[in-house]
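Let's take a friendly walk through a protein model together. Have the sequence and the 3D view ready, and turn the view as you read.

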Amino acid sequence: MKIRAILQICLFLAAILCVDCGKSNTTPVDKDPPGTPGAVDIEPEPGNDLYGIISDNAGQPVPGVVVSDGFTCSLTDERGIYQMKRHGEADFVFYSTPPNYAVSVETSSRKIPAFYQAIRASAGEAFRADFGLSELAASETDFTLICIGDPQVTNQAEVTRFREETINDLKGTLASLSVPAYGLSMGDVVGDQQGLLNTMKNALGSTSMPVFTTIGNHDKFAAAPAPKNGDFFSGIYGPLNYSFNRGEVHFICLDNVAFSDNSSYAAAFSEDQINWVKEDLAYVSKDKMIIVYFHMPLRGSGVPNKDRLLKLLEGYAEVHFMSGHTHYNQNYIHTAVSPSIYEHIHGAACGAWWRSTVNGDGTPNGYAVYDIRGNSIKNWYYKAVNYDREFQLRLHWGDASFGGQYGYFSFSQPGSTLVANVWNADNEWTLEVYEDGVKTGNMKPANVNRDAWSMGYHIGVLNRNPNNYSQLCDHLYTYLPQNPAAAIKVVATDRFGTVYEQDVITKDFTPAISY
């Protein structure tokens, strides 16, 4: 249960911890509000104690905007006014940014979305929150979405790496785009270091795109006698469950990390969350694409209320889940609903906890890029930091031994077997093998699911814990060349017809040590 006093303390501490700004931005205030709050008198209906007005930058009311306290949803009327009876545990009031209005951000130099206000009122006391919106010349039906998995920084040196590696690479990608871009940070912004939350907020907001954030297990902190919770995080980043719209896409953010004490947690959705999603989706037509993002993956069974969530998402034009948490890259398709839901489980920006330049499954440190056109994702790829976009696979010999003084690891394949790690592959990719320029066959999914090269470096050389550095790798492929001495090239074609090539067979750990 959230405790309002804790929230207020968190907001105060956030102001102290903010290192790159002269004042706290933890409670967003529209920079150019459409008049002084309270300029339009509002008399809420009896029983309603949360209300306000939403106006555009010309001071005109904006009707039809969904507003919520995280439990109940309401719609602004023709006067731009919303009102509701707020839930006793509500800490924020927020709106779902309409598709034809810009995403408000905290400042021009910190592009963190500002779509909410903290509720500063005692039980039974009415609270008014007004918002201002800026209308776009046209709805952004075409845009780029960038998903950033687990930065999980634990000290300033790792923050510096995140800025100099991930953020700098992101800026290059953004500079190449001809359409608007929006970012999703997939949680574990920090690694149990609450003092770095504001620092990372500054880093995430330092590009040209607004970045929305979900909460991870390492972003939750103890508040005795309750288990770890998101109160401190939300005091800096805002509500943990919210929605917004871009073009023909409706986005829903959910906190799906449930702690039972200060160390034990699991993926779950609460009854309140499912009820809120149902209300939120009541305002979304079935011709829209839905993107739901959260920290912990939903593939597999045993996630409380997962089936109810899937049921609510039936019948929409397209549905995608975005998650992180695993420190490996995986594509998973939920087939129990129609249409099927594609879950994108993102490799971590920090890789194997900043110990190298790769994740435990061999996926390079990086982020995912999605090309959205209307109500569909028309293309996506994984962008490895400090590599060209074309870098999508790594080759090894299957009988090679990788490691150091603490142990060696092998793919355990027959002699001269070629192994390809294709980190963003799914069942619609094809991998063709050419020997001396002549195609000799196609690679097949491997019968192993661990990347021996990554394990050899992290465990065999760095002596890291095998339990943490032996991540699942379900994107390995093998092929037995006719002539291992030939000049070998692998041509990989993804589900969109994009072709990637690789002719370098990696034999040492240089790519894991530096870019």
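Start at Trp354, which is found in the loop between strand 21 and strand 22. Helices and strands here are DSSP runs (helices are H or I with at least four residues, strands are E with at least two), numbered from the N terminus. Trp354 has a positive phi of about 65° although it is not a glycine. Most residues other than glycine have a negative phi, and most peptide bonds are trans. Is Trp354 buried or exposed? At 7% relative accessibility, Trp354 counts as buried; the word means under 20% relative accessible area, while exposed means over 50% and partly exposed is in between, with a 1.4 Å probe and protein chains only.

Before going on, a word about the model. It is a predicted model, in which local features need pLDDT of at least 70 and side-chain atom pairs count only at pLDDT 80 or more, whereas totals for chains, interfaces and linings use all residues. Residues are numbered from 1 along each chain as its sequence is written, and side-chain values use heavy atoms, with hydrogens and water left out. The mean pLDDT (the predictor's confidence in each residue, from 0 to 100) is 93 for the protein, and 93% of the residues reach 70 or more. Over residues 1-36, pLDDT stays under 50.

Asp188, in the loop between strand 10 (181-185) and helix 3, has a phi near 50°, a positive value in a residue other than glycine. Asp188 is buried, with a relative accessible area of 1%. The peptide bond from Ser338 to Pro339 is cis, with omega near -5°, and Pro339 sits in the loop between strand 20 and strand 21.

Now look at helix 3 (residues 197-204). Eight of its eight residues are buried, so helix 3 is largely enclosed by the rest of the structure. Among these buried residues are Asn198, Lys201 and Leu204.

Next come the nonpolar cores, sets of buried Ala, Val, Leu, Ile, Met, Phe, Trp, Tyr and Cys residues joined through side-chain atoms within 4.5 Å. Which residues of the largest core touch the most other members? Of its 73 residues, they are Leu184, Tyr293, Phe321 and Met322. Strand 18 (residues 289-293) gives the most to this core, with five residues. Apart from it lies another core, of 52 residues, including Leu196 and Tyr477.

A cavity is a set of points on a 1 Å grid over the protein atoms alone where a 1.4 Å probe fits but cannot get out, and lining residues have an atom within 4 Å of a point. The whole structure holds two cavities of 30 Å³ or more. The largest has a volume of about 80 Å³, and its lining includes Phe115, Thr213 and Tyr237. Strand 11 (residues 211-213) gives the most to that lining, with three residues. The second largest cavity holds about 60 Å³ of space. Its lining includes His344, Trp380 and Asn424, and strand 23 gives the largest share, three residues.

Definitions and conventions: Contact means heavy atoms within 4.5 Å. On a 1 Å grid over the protein atoms alone, a cavity is a set of points where a 1.4 Å probe fits but cannot get out, and a pocket is an open set with protein on both sides within 12 Å along at least five of seven lines; lining residues have an atom within 4 Å of a point. Grid points are joined across faces, edges and corners, and a volume is the space filled by probe spheres set on the points.
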